[in-house]
Amino acid sequence: MSSIQQNLELITAQIASAQQKCGRAPGSVQLLAVSKTKPVEAILEAAAAGQRSFGENYVQEGCDKVQFFATQHPELDLEWHFIGPLQSNKTRLIAEHFDWMHTIDRAKIAQRLSEQRPAHLPPLQVLIQVNTSGETSKSGISAQQLFPLAELISTLPGLTLRGLMSIPENVTDYQSQLAAFQQLAALKQQLADKFDGIDTLSMGMSGDMDAAIEAGSTIVRIGTAIFGQRDYSQKG
Ligand SMILES: *Cc1c(COP(=O)(O)O)cnc(C)c1O
């Protein structure tokens with residue numbers, strides 16, 4: 001067995017155990033394999049082990065991979081999630097290639113993605129990125145800005161609003177992690193009370209996955225623990 005396959009087994013077992021510990025149903029948390037900077041061979045190995053959803057951060061690299069798998073391996077039927085920051089001049093590429101977009105944080109991006117979503121594809125499944133810790137260095141909107149943006153997205157035909165994504169402040173103690181994730185879960189509940197089809201909370205990474213799952217995460221985003229350390233020397 002390759003190390004990627006072994007890593008996937010370990011993470012999958014960790015997710016299952018975290019789900020069980022807090023009484024959540026098996027399969028209620030999806031593993032998003034974050035493959036940014038990793039070659040298509042690594043993605044093929046993960047796909048051979050049964051992994052179907054992949055997350056990418058860089059527009060051109062992500063689109064190249066989506067294109068590669070669509071033409072060379074359509075049988076794998078992979079699902080692609082964009083999880084990086086997006087400039088408005090790059091929205092067309094995301095609208096044309098991806099299935100999910102996790103990091104919507106302003107009206108202009110939402111409007112462009114909807115306009116540019118090709119008619120032959122289903123609506124882009126989107127999450128609004130929120131920043132409840134108020135750190136200025138991180139992207140994402142405040143809780144107050146969330147509802148007007150959700151209102152707008154709900155009117156856009158090319159997008160389907162599914163929930164929230166967040167990258168909370170990096171803290172190591174479990175109770176602080178849990179408190180931050182519970183705040184996000186409460187916000188998602190408020191959103192679900194107002195809008196139909198809200199069922200997704202993308203939160204939790206390698207270091208805080210257990211707390212995220214206890215708080216109600218439905219997608220955890222894991223890269224290094226599956227694919228190993230990233231080499232950024234090729235990136236500008
Ligand atoms: C890179 C990245 C991850 C995965 O991080 P690892 O430390 O490699 O597990 C998760 N979420 C987002 C938004 C990322 O950019």
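Predicted model: local features only at pLDDT ≥ 70, side-chain atom pairs only at ≥ 80, totals over all residues.
Local features require pLDDT of at least 70 and side-chain atom pairs pLDDT 80 or more, whereas totals for chains, interfaces and linings use all residues. Residues are numbered from 1 along each chain as its sequence is written, and side-chain values use heavy atoms, with hydrogens and water left out.

Ligand oxygen atoms lie 2.6 Å from a side-chain N or O atom of Thr224, 2.6 Å from one of Arg230 and 3.2 Å from one of Ser206. Taken alone, the ligand exposes 380 Å², and the protein buries 86% of that (Shrake-Rupley method, 1.4 Å probe).

The whole structure contains 2 cavities of 30 Å³ or more (on a 1 Å grid over the protein atoms alone, a cavity is a set of points where a 1.4 Å probe fits but cannot get out, and lining residues have an atom within 4 Å of a point). The largest cavity has a volume of about 40 Å³ (the space filled by probe spheres set on the points). Its lining comprises 10 residues, with Val130, Asn131, Ser166, Ile167 and Pro168 closest to the centre; 3 of the lining residues are nonpolar, 6 polar and 1 charged.

The second largest cavity, also of about 40 Å³, is lined by Pro168, Glu169, Val171, Gln177, Ala180, Phe181 and Asp208.

Notes
Polar contact = N/O pair within 3.5 Å; in protein donor to acceptor, adjacent residues only side chain to side chain. 1 Å grid on protein atoms, 1.4 Å probe; cavity = no way out; pocket = protein on both sides within 12 Å on 5 of 7 lines; lining within 4 Å. Nonpolar A, V, L, I, M, F, W, Y, C, P; charged D, E, K, R; others polar.
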